[in-house]
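User: I would like a close look at one part of this model, with the rest kept as background. Please keep it plain and define the terms as you go.

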Amino acid sequence: MLKNYLLVTIRSLRKNGTYSFINISGLAIGITCSLLILLWVFDEISFDKFHPKADRLYQVWINATFDGKINSWTSLPLPSYEALKTENSNIKSTAVTDWGGDHLFTVGEKRITKRAFYASEEFLEMFQFPLLKGDAASVLDDPTSIVITESMGKALFGDADPIDQIIRVDNKSDLKVTGVLKDVPKNSSFQFDGLLTWKLNEQTQDWVKRSKTNWGNNSFQIFMELNTPSNKALVERSIRYLLVRKDPSDYKRELFLHPMLQWRLHSNFENGKEAGGRIDFVKMFTMIAIFILVIACINFMNLSTARSERRAREVGIRKSVGSRRHELILQFMGESLFISTLAFGIALLMTELLLPVYNNLVDKKLFINYLSPEFWVFTVGLVFFTGIVSGSYPAFYLSSFQPVKVLKGKVQVGKNASTPRKVLVTLQFGFSILLIIGTIVIYQQIQHVKERSLGYDQENLIAVDYTAEIGKNFRSIKLELLQTGVVKAVTKSNSPITDIWSNNFLGWPGKPETQKVIFTTIATEYDYTKTMGIKVLEGRDFSEDFKSDTLGIMVNKAAMDLMQLKNPIGEKLDLWGRKRELIGIVDNVLMGSPFQPVKPMFIVLDPDWTGAVTIRLEKTKDLTASLKKVGDVFRKYSPAYPFEYEFADVEFAKKFSDINMTSRLASLFAVLAIIITGLGLFGLAAFTAEQRTKEIGIRKVMGASVPSLVGLISKDFSVLVIIAFILSSPIAWWLLNHFVLEQYKYRIEIAWWIFPITGLIALLFALAIVSTQALRAAHANPATSLRND
């Protein structure tokens with residue numbers, strides 16, 4: 001029987017080649033899209049799950065209440081690292097790290113810059129990254145130890161064994177390799193090539209040493225391992241007010257635990273509560289994958305029911321010779337599953353061919369793991385889902401025919417299925433219109449933010465990482481750079497212009513005692529506004545002509561809007577227990593998220609607090625030559641370090657990586673959804689034209705023109721597209737406002753014209769497809785279609 005069903009299926013596919021091609025190609029494209037999307041989704045939800053203790057690991061966060069709301073952040077005082085260990089018996093261990101950064105690693109003549117963390121000795125026992133060599137319990141004990149990854153070992157030592165080899169780090173510390181890690185997986189929240197010991201950090205960094213007893217310096221990442229996950233609530237209650245007990249302050253601070261398995265997808269907090277994060281992208285693309293798959297399945301349903309007249313006699317004969325309805329249902333479901341299996345095989349091939357391009361698009365290294373049992377469970381599930389969803393309605397519909405009526409020709413099959421077909425076509429176009437509107441709105445949101453005033457000039461602005469050698473020779477470096485003729489201005493600051501590395505409280509005259517506001521903090525030296533191209537709205541910048549500027553301060557326009565000082569210049573502001581004179585007001589500078597409002601900011605003169613050197617190059621047609629001259633100066637005074645720099649505009653553009661990816665994927669899958677819809681519409685239009693051949697012939701004999709005949713066939717499809725537009729537009733507006741744009745405070749309002757433009761595009765697309773079949777039918781010779789009558 002199975003052999004018979006298979007032969008019937010193959011014969012049916014060969015007999016109806018065009019419709020079979022549309023069905024299989026539509027399903028294949030739909031499944032390919034779904035596979036590509038779901039590969040990305042599975043990679044996102046797989047983050048950090050490779051850790052054996054992932055369900056017991058947490059990061060300690062702070063909920064700080066000030067300025068009328070609860071603010072959440074990950075930076076804690078260093079003393080809490082040790083203090084937390086004894087707060088509750090359910091706490092197994094704690095670990096501390098810095099934020100991580102690029103370090104210079106030198107072995108002989110080899111010099112490479114790689115990312116590394118300072119981490120306490122418990123780190124590798126808690127986060128069990130696979131150690132190829134070394135003991136996790138001891139590799140970070142000695143301050144002169146270093147742990148490197150396998151690829152970093154090969155880069156520095158080739159095929160030689162790295163263990164006990166010496167690496168010079170940052171041109172000041174000679175460290176012995178005590179452990180080699182397997183390369184860190186891409187789906188890890190920690191990304192590094194080396195681990196430096198926390199003891200070394202305390203020995204070489206004076207500010208870290210001072211922070212060991214400072215409960216007010218929130219600059220360190222603290223992690224915790226619990227004995228069992230069920231103890232989380234109990235531990236949170238015991239540690240909640242640790243900071244208040246150790247350092248009573250005038251604002252409320254509470255500790256809480258953020259589970260490791262939520263770091264990647266649930267990292268946004270609003271008013272002290274988890275408020276999504278990348279999980280929003282995961283949900284959105286999962287829905288798109290489902291939409292596209294359903295659109296492909298709808299094609300199959302529509303074409304199967306539309307062609308029911310050709311299968312009706314077969315059903316009648318089978319029933320008359322004893323076939324029961326459930327057997328016919330099984331046969332038609334089997335055909336559907338065969339087609340979905342064939343389509344899935346083609347989709348796998350297409351996915352493999354497209355993966356290199358797709359990986360560049362999403363900036364990942366995705367692949368299909370054919371050895372994974374989960375993959376084959378997913379494969380069987382997807383094939384059955386596609387086959388059953390697309391084949392269930394045609395199977396039940398075709399098997400319902402009465403043999404006597406069918407064989408006597410008294411049943412007009414296909415007609416009863418026209419209403420469901422219309423509903424399904426409307427649903428297809430509704431999904432497509434929704435995706436088109438979403439693509440347009442996301443693109444507009446990106447452009448809206450990119451056109452936002454930055455408050456500084458990005459052109460020819462580069463940043464160089466600060467080193468001890470640069471610090472010792474900064475005056476000479478600055479002087480020689482200005483003498484090259486290719487540099488307009490030079491300054492240094494605690495962070496580059498494209499990032500915020502410090503925030504602090506500030507007091508001002510008339511500030512309510514209960515009001516606490518976090519200010520972006522910039523520590524710099526002279527020529528900061530000149531180098532960055534920041535406009536001074538009132539007052540002046542720091543100057544060597546005023547020795548008192550060491551106790552001066554500047555603020556931005558957002559700070560002035562907050563403080564509401566009538567005569568601001570000369571006012572005394574409270575910072576770190578000292579009075580500072582307000583000497584200047586600068587324009588708002590967009591340093592943080594481009595999707596958020598600019599926060600209040602202050603600038604102080606503190607040349608010792610430095611993280612980056614910023615250089616304004618003169619305008620030139622030969623940028624390479626200018627950079628070579630700048631590089632020569634840095635290599636002269638800091639020969640141990642390679643000259644590396646970042647352009648401000650390139651670094652700023654990285655802030656759009658997530659939303660750019662969303663826009664590219666949404667555009668791609670919107671186009672593919674329309675293509676799948678177009679394939680189905682082409683098949684349905686061809687069948688409709690074929691079904692109405694005699695009607696068209698009679699109308700043509702009676703004098704009907706070609707345009708009127710085309711309009712006759714196109715009218716029904718046009719109505720369906722218009723209904724789809726009317727239904728999907730309000731849904732698209734609601735979804736975009738509440739699930740996409742809502743997460744951006746600096747956002748657009750959806751323009752009304754997007755909806756009619758999208759509707760018009762969908763309508764013209766449908767008419768273009770339908771008209772090709774309508775024109776062919778309208779130009780056919782009526783004598784041919786009417787000959788038998």
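With which residue does Asp-632 form a salt bridge, and how far apart are the closest N and O atoms?

Analyst: Asp-632 forms a salt bridge with Lys-628, and the closest N and O atoms are 3.3 Å apart. A salt bridge here is a side-chain nitrogen of Lys or Arg within 4 Å of a carboxyl oxygen of Asp or Glu. The model is predicted: local features need pLDDT of at least 70, side-chain atom pairs count only at pLDDT 80 or more, and totals for chains, interfaces and linings use all residues. Residues are numbered from 1 along each chain as its sequence is written, and side-chain values use heavy atoms, with hydrogens and water left out.

Both partners sit in helix α20 (residues 623–637), where Asp-632 and Lys-628 are 4 residues apart, about one turn of the helix. Helices (H or I, at least four residues) and strands (E, at least two) are DSSP runs, numbered from the N terminus. Asp-632 is partly exposed at 35% relative accessibility, while Lys-628 counts as exposed at 53%. For these labels, buried means under 20% relative accessible area, exposed over 50%, and partly exposed in between (1.4 Å probe, protein chains only). Salt bridges that share partners also join Asp-43, Glu-44, Arg-264, Arg-278, Lys-364 and Asp-658 into one network.

Helix α19 (residues 557–563) holds another pair, Asp-561 and Lys-557, also 4 residues apart, about one turn of the helix. Their side chains meet in a salt bridge at 3.6 Å, N to O. Asp-561 is partly exposed at 45% relative accessibility, and Lys-557 is partly exposed at 37%.

A further salt bridge links Lys-252 and Glu-254, with the closest N and O atoms 3.0 Å apart. Lys-252 is partly exposed, with a relative accessible area of 45%, whereas Glu-254 counts as buried at 16%. In general, side chains of opposite charge can pair when their charged atoms come close.

As background, the structure holds 30 salt bridges, and the chain has 26 helices and 26 strands. Of its 789 residues, 52% count as buried. Among contacts (heavy atoms within 4.5 Å) with a separation of 6 or more, residues 24 or more positions apart account for 78%.
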